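This report is to be read alongside the sequence and the coordinates. It treats each chain in turn and then the contact between them.

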Amino acid sequence: MYLLTVATLVAIYAMLTLGLNTITGLAGQISLGHAAFFGVGAYTTAILTVRYGWPFWPALLAAVAAAAAVGALIGAAAIRVREDFLAITTMGVNFVVVSVFLYFPFFGGALGIGGIPGPRLLGHEVARPGFLALTVAGVLAALAVNLWLSRSWAGLALLALREDEEAARAAAVDVRKFKILAFTIGTGLAGLAGAFYASFLTFISAGDFGFPFSITVLCMLVFGGIGTNRGAIAGATVLGAAPELFRFLADYRMLTYGALLLVLMRFQPAGLLGDDSALWRALRRR
Amino acid sequence: MLVQQLVNGLTVGSLYALMALGLTMVYGVLRVLHIAHAAVFTLGAYGGLWTFAATGSFWLALLGAMAIAVAAGLAMERWVYWPLLAKPPIATLIASIGVFIALEEIYRIVAGPEPHSFSVPLRVRDVRLAGVLVTAPQVLVMAVTVALLVALWLFLTRTSLGLALRAVSQDREMAAACAMNVRRIVRLNFALGSALAGAAGMLVGVYYNSVSPTMGDVTAYKGLAIIVLGGLGSIPGTVLGALLIGIVETLFIGLVEFPFPRDAWAFLAMIAVFLLRPQGLLGR
């Protein structure tokens with residue numbers, strides 16, 4: 001039962017890292033505010049189901065749409081700032097969004113929102129094993145979106161944007177349009193993760209979506225191997241399960257976590273399964 | 001009332017400036033966001049606390065805080081930043097976050113999770129000018145900040161080493177081509193920036209009478225907001241950004257009815273500046 005909970009959370013993290021991979025891995029735009037969009041999705045689901053009596057499935061679609069809409073808006077505004085400026089702007093957005101959740105009574109304030117119903121399928125409540133299957137389906141959907149994107153013309157444009165923005169612009173790639181596209185898709189996937197998260201935990205509060213969590217998601221992505229979908233999923237799995245794997249370390253858990261990030265970046269900056277990592281090359285050679 | 005809030009805001013702002021200057025200087029030479037700088041700041045606070053407990057002298061404690069911070073900064077340059085220089089910036093960013101998390105944990109394990117009080121008997125007195133109260137800790141904070149900033153400014157503009165430092169932060173490769181020892185200048189940057197952060201950590205500890213393992217958290221993200229607000233790599237811009245953030249958040253907390261937290265006001269101010277000036281206040 002406990003294992004199921006961890007596995008479900010790992011699947012939710014994987015949707016988040018896949019979404020961030022669209023923005024940061026594919027399009028090269030560092031975002032330090034991914035948790036904010038996760039929060040928009042979760043709050044949309046919570047408010048629609050609890051307060052307006054919507055069923056889970058339409059609320060899930062609304063969550064994706066709301067997160068993508070906010071993401072498109074932020075993307076459009078953030079186009080004016082570049083690179084490190086963009087990273088810090090997204091961090092600021094995260095703080096402002098969390099404050100809105102925390103201080104506007106509409107979002108439940110400090111008490112958060114509880115009693116969020118689970119999804120129903122064919123007239124039945126979905127139990128825990130079923131929920132895990134649904135979240136895995138969510139991961140596959142996110143993966144499909146990313147694969148489709150990276151194989152389309154837009155994916156090529158995003159890659160060009162990541163490698164050299166000026167050159168892409170010179171080659172008549174509409175840089176602005178594709179940046180907004182990457183933000184919209186990536187934050188939409190975060191909204192999807194948020195919908196699952198809200199109905200899985202049945203209770204959410206603003207603290208779940210803060211800047212530290214954005215950093216955690218980014219660490220998962222880079223740890224696994226930024227720019228690759230397998231890396232996004234591997235990072236979410238390893239670091240998502242890390243609190244359990246490292247349980248025996250007790251008081252030294254966070255210390256080990258920090259040291260692990262440092263050591264991996266120092267010796268394997270491409271991450272665990274990135275294109276240049278030793279592990280991935282060894283796997284490819286066989 | 002308004003002037004009183006301005007004084008409080010200026011004090012907070014000058015503490016931010018001391019801390020953020022190191023971030024700017026490191027960004028200037030290496031183009032990396034030095035998240036672990038906040039851990040150097042916290043170490044300075046503990047260094048000051050321990051030196052004060054051992055010697056009972058404020059000035060020796062300040063020196064101790066700066067010394068231990070410099071040692072930490074140089075160690076990070078040696079084992080984290082320089083080896084990662086050729087790697088993609090995101091790898092450096094994550095490594096830096098890792099160092100920050102690990103160090104905060106070490107402080108917690110060594111010094112305990114609870115805050116230590118840091119009360120120093122001050123020889124300065126409260127100053128009262130036309131109804132505005134400047135408390136003794138505020139006088140001290142502002143005096144030390146101004147002294148350190150003037151010293152930094154004189155160093156950067158009046159010495160040849162300062163000139164070399166500015167040259168390296170403008171164009172590292174060109175400076176190397178002009179036979180400058182770039183590595184030495186980078187180390188100097190880390191040493192100076194860390195010394196200022198150590199002083200800031202100790203002053204924050206004295207000002208709020210509290211030193212705790214997580215005191216660097218707020219510093220870590222607000223410092224980033226300040227240096228980008230100032231225009232990344234611009235030293236005057238950083239000081240300006242720090243004072244602006246300090247004043248804006250104090251004024252809004254004190255005068256606006258809406259109960260938004262400090263940080264939200266600071267970041268709203270930052271985003272507002274970016275919408276008007278995407279390159280920051282004094283950016284190129």
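## Basis and confidence

This is a predicted model, in which local features need a pLDDT of at least 70, side-chain atom pairs count only at pLDDT 80 or more, and totals for chains, interfaces and linings use all residues. Residues are numbered from 1 along each chain as its sequence is written, while chains are lettered from A and ligands numbered from 1 in the order in which they are written.

The pLDDT is the predictor's confidence in each residue, on a scale from 0 to 100. Its average over chain A is 89, and 100% of the residues of that chain score at least 70. Within chain A, helix α2 (residues 34-52) has the highest confidence, at 95, and strand β2 (residues 124-125) the lowest, at a mean of 76. Where pLDDT is low, the predicted coordinates should not be read in detail.

## Chain A

Chain A contains 12 helices and 2 strands, where helices (H or I, at least four residues) and strands (E, at least two) are DSSP runs numbered from the N terminus. The order from the N terminus is α-α-α-α-β-β-α-α-α-α-α-α-α-α.

The radius of gyration of chain A is 19 Å, which agrees with the value near 19 Å for a compact globule of 286 residues; the radius is taken over C-alpha atoms, and the globule rule is 2.2 Å times the number of residues to the power 0.38. Along the principal axes, the C-alpha atoms of chain A fill a box of roughly 50 × 45 × 35 Å. Of the 286 residues in chain A, 53% are buried. A residue is buried if 20 or more other C-beta atoms lie within 10 Å of its own, exposed if 12 or fewer, and partly exposed in between, with C-beta atoms placed from the backbone.

## Chain B

Chain B has 11 helices and 2 strands, arranged from the N terminus as α-α-α-α-β-β-α-α-α-α-α-α-α. For its 284 residues a compact globule would have a radius of gyration near 19 Å, and the 19 Å of chain B agrees. The C-alpha trace of chain B spans about 60 × 50 × 35 Å along its principal axes, and 52% of the 284 residues count as buried.

V3(B) lies in helix α1 (residues 2-30) of chain B. This residue is exposed, because 11 other C-beta atoms lie within 10 Å. The C-alpha atoms of V3(B) and L133(B) are separated by 9.5 Å, although the two residues are 130 apart along the chain.

## Helices α6 and α8 of chain B

The axes of helix α6 (residues 160-170) and helix α8 (residues 182-208) of chain B come within 10 Å and cross at roughly 100 degrees. α6(B) and α8(B) are therefore roughly perpendicular to each other, a term for angles of 65 to 115 degrees.

Contacts (C-beta atoms, placed from the backbone, within 7 Å) involve A164(B), L165(B) and V168(B) of α6(B) and V182(B), I185(B), L188(B) and N189(B) of α8(B). By class, these residues comprise 6 nonpolar, 1 polar and no charged. Ala, Val, Leu, Ile, Met, Phe, Trp, Tyr, Cys and Pro count as nonpolar, Asp, Glu, Lys and Arg as charged, and the others, Gly among them, as polar.

## Interface

Between the chains, 35 residues of chain B are in contact with 30 residues of chain A. On the chain B side, the elements giving two or more residues are α4 (89-111), α9 (216-230) and α11 (262-276). α4(B) gives the most, with 12 residues. The side of chain B that touches chain A has 31 nonpolar, 1 polar and 3 charged residues.

Definitions and conventions:
Axes are lines fitted to C-alpha atoms, for helices over the stretch in contact, and angles run from 0 to 180 degrees between N-to-C directions. Angles under 35 degrees count as roughly parallel, over 145 as roughly antiparallel, 65 to 115 as roughly perpendicular and the rest as oblique. Two residues are in contact if their C-beta atoms, placed from the backbone, lie within 7 Å.
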